[in-house]
Amino acid sequence: MKQCSLAGLVVSIGLALAGCQSTTDVVQNKEDMLSAAGFVPQPANTPERQATLRKFPPNKFVQQVSNNQMVYVYADPIVCQCVYFGNQAAYAQFRQMVFAKKLADERQMTAAMAQDAFDFGPWGGPGFMF
């Protein structure tokens with residue numbers, strides 16, 4: 001029971017911290033990771049490219065097959081007004097980076113919670129609630 005309460009607290013803190021970032025910041029961070037993973041941004045700098053950009057769901061991955069190879073497409077109509085293209089290796093690297101970031105964020109939240117532990121002294125400890 002105590003572990004469930006702690007897990008719920010960790011999730012709540014994570015959601016609260018995520019709420020501190022603007023949508024533009026979140027997208028920019030994601031795009032930085034896309035580039036680091038090997039995705040290549042292509043600007044929507046012609047009318048044809050702008051029309052194609054609008055066909056993709058914004059800030060979501062779409063899989064396309066091109067020349068018998070899987071291509072991952074990520075369209076950003078707001079921040080960079082571009083489309084990121086990546087292969088299977090770039091997508092796998094991106095997913096690994098996202099996982100590592102989430103793990104690091106969890107560890108940081110856990111450390112912060114341990115540092116700010118509540119003193120239950122006057123109440124005799126958390127066991128009184130269960």
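Guide: E31 is buried, yet E31 has no salt bridge. The nearest side chain of opposite charge is K30, and K30 is 8.6 Å away. A salt bridge here needs a side-chain nitrogen of Lys or Arg within 4 Å of a carboxyl oxygen. This is a predicted model, and the values are computed from it.

Where does E31 lie? E31 is part of helix α2, which covers residues 23–37. Leaving aside neighbours within four places in sequence, E31 contacts N59, Y74, D76, V79, C80 and Y84.

Two of those partners lead on to the nonpolar core. Y74 and Y84 are among the residues that touch the most other members of the largest nonpolar core. L34, F39 and F94 belong to that group too. The core has 13 residues. A second, separate core has 7 residues, including A44, L53, V62 and V73. In soluble globular proteins, nonpolar side chains tend to be buried together.

Now F39. Not counting residues up to four places away in sequence, F39 touches L34, F61, Y72, Y84, F85, G86, A90, Y91 and F94.

Step back to the whole chain. The protein chain has 4 helices and 4 strands. From the N terminus, their order is α-α-β-α-β-β-β-α. Of the 130 residues, 21% are buried. Among contacts with a separation of 6 or more, 54% join residues 24 or more positions apart. The chain exposes about 9,300 Å², and carbon and sulfur atoms supply 58% of that area.

How values were computed:
Residues numbered from 1 in each chain as written. Predicted model: local features only at pLDDT ≥ 70, side-chain atom pairs only at ≥ 80, totals over all residues. Heavy atoms only, no water. Helix = DSSP H or I, 4+ residues; strand = E, 2+ residues; numbered from the N terminus. Buried < 20%, exposed > 50% of the residue type's maximum accessible area, 1.4 Å probe, protein only. Lys, Arg positive; Asp, Glu negative; His and termini not counted. Contact = heavy atoms within 4.5 Å. Core = buried A, V, L, I, M, F, W, Y, C linked by side-chain atoms within 4.5 Å. Areas by Shrake-Rupley, 256 points an atom, 1.4 Å probe, with all protein chains shown as cover.
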